[in-house]
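Q: Got a model here that I'd like to walk through. Can we go strand by strand and then look inside?

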Amino acid sequence: MIYFVKKYLLSLLIFVLSSNVTINANSYSIFGGLYDYDDDNTTNLFGLNYHISNSEIELFNILTINPVIGGLITLESASMFYGGFETNIGLDKIYLNLSSSAGIYSNGDGKDLGSALQFKSEVNLFYNLSKESRLGIGSHHISNAGLDSVNPGTNNFYLIYNRNF
């Protein structure tokens, strides 16, 4: 299973870096950091997100949200593939990125989160390096929202590099 997930993420990364924007994503993020940093199961995590700009949705003329899809994997073979929505709040140089996603989780040799269906809520702080790239720090919480009697959740912290296509 771990071999398949690593091969899939590597293939996805190669596709993103070499594509001619055949999908409507305006940027991608690569991130890495600590998985479950506040528990005994702490390990490293790595992930990749697509940020889709051509499908903006206005909510009550107050908030603009965009779709985001992605995946992550830990050194303990836990993995999650997810999709959801995000919004950016802030200034030109520094801004906050908030997102909420649902996805399929596999614990591999890592922490059992109770069910395959998991939800991820995320907050990231970005600094614009240029028009094309951003550097940030972020944190997200993964949980099954009480859908299963086993629901320990994880808190994760990471560094992010984001680049426009």
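Q: How do strand 1 and strand 2 pair, parallel or antiparallel?
A: Antiparallel: in this predicted model, strand 1 (residues 27-35) and strand 2 are joined over 9 bridges. As one example from strand 2, Leu 45 is the bridge partner of Gly 33.

Q: What else does strand 2 pair with?
A: Strand 4 (residues 63-74), also in the antiparallel sense, through 7 bridges. There, Asn 49 stands opposite Gly 70 of strand 4.

Q: Is strand 2 mostly covered or mostly open?
A: Mostly covered. Of the 9 residues in strand 2 (residues 43-51), 7 are buried.

Q: Now the inside. How many cavities of 30 Å³ or more are there?
A: The count is 1. The volume of the largest cavity is about 80 Å³.

Q: Which residues are closest to its centre?
A: Asn 49, His 51, Asn 97, Glu 122 and Asn 124, out of 16 lining residues.

Q: And which elements give two or more residues to the lining?
A: Strand 1, strand 2, strand 5 (79-90), strand 6 (94-106), strand 7 (117-128) and strand 9 (154-164). Strand 7 contributes the most, with 4 residues.

Q: Switching to rings. How many aromatic pairs?
A: There are 2 aromatic pairs. One is Phe 31 with Tyr 158: the ring centres are 5.0 Å apart and the planes are at 45 degrees, so this pair counts as tilted.

Q: What about Tyr 95 and Phe 126, stacked or tilted?
A: Stacked, because their planes are at 25 degrees, with the ring centres 5.4 Å apart.

Q: Last one. Where does the charged end of Lys 120 sit?
A: Over the ring of Tyr 82, at 4.2 Å from the ring's centre.

Technical notes: Residues are numbered from 1 along each chain as its sequence is written. This is a predicted model: local features need pLDDT of at least 70, side-chain atom pairs count only at pLDDT 80 or more; totals for chains, interfaces and linings use all residues. Side-chain values use heavy atoms; hydrogens and water are left out. Buried means under 20% relative accessible area, exposed over 50%, partly exposed in between (1.4 Å probe, protein chains only). Two strands pair if DSSP finds at least two bridges between them. On a 1 Å grid over the protein atoms alone, a cavity is a set of points where a 1.4 Å probe fits but cannot get out, and a pocket is an open set with protein on both sides within 12 Å along at least five of seven lines; lining residues have an atom within 4 Å of a point. Grid points are joined across faces, edges and corners, and a volume is the space filled by probe spheres set on the points. Rings of Phe, Tyr and Trp (its six-membered ring) pair if their centres lie within 6.5 Å; planes under 30 degrees apart count as stacked, over 60 as edge-to-face and the rest as tilted. A charge sits over a ring if NZ of Lys or CZ of Arg is within 6 Å of the ring centre and within 35 degrees of the ring normal.
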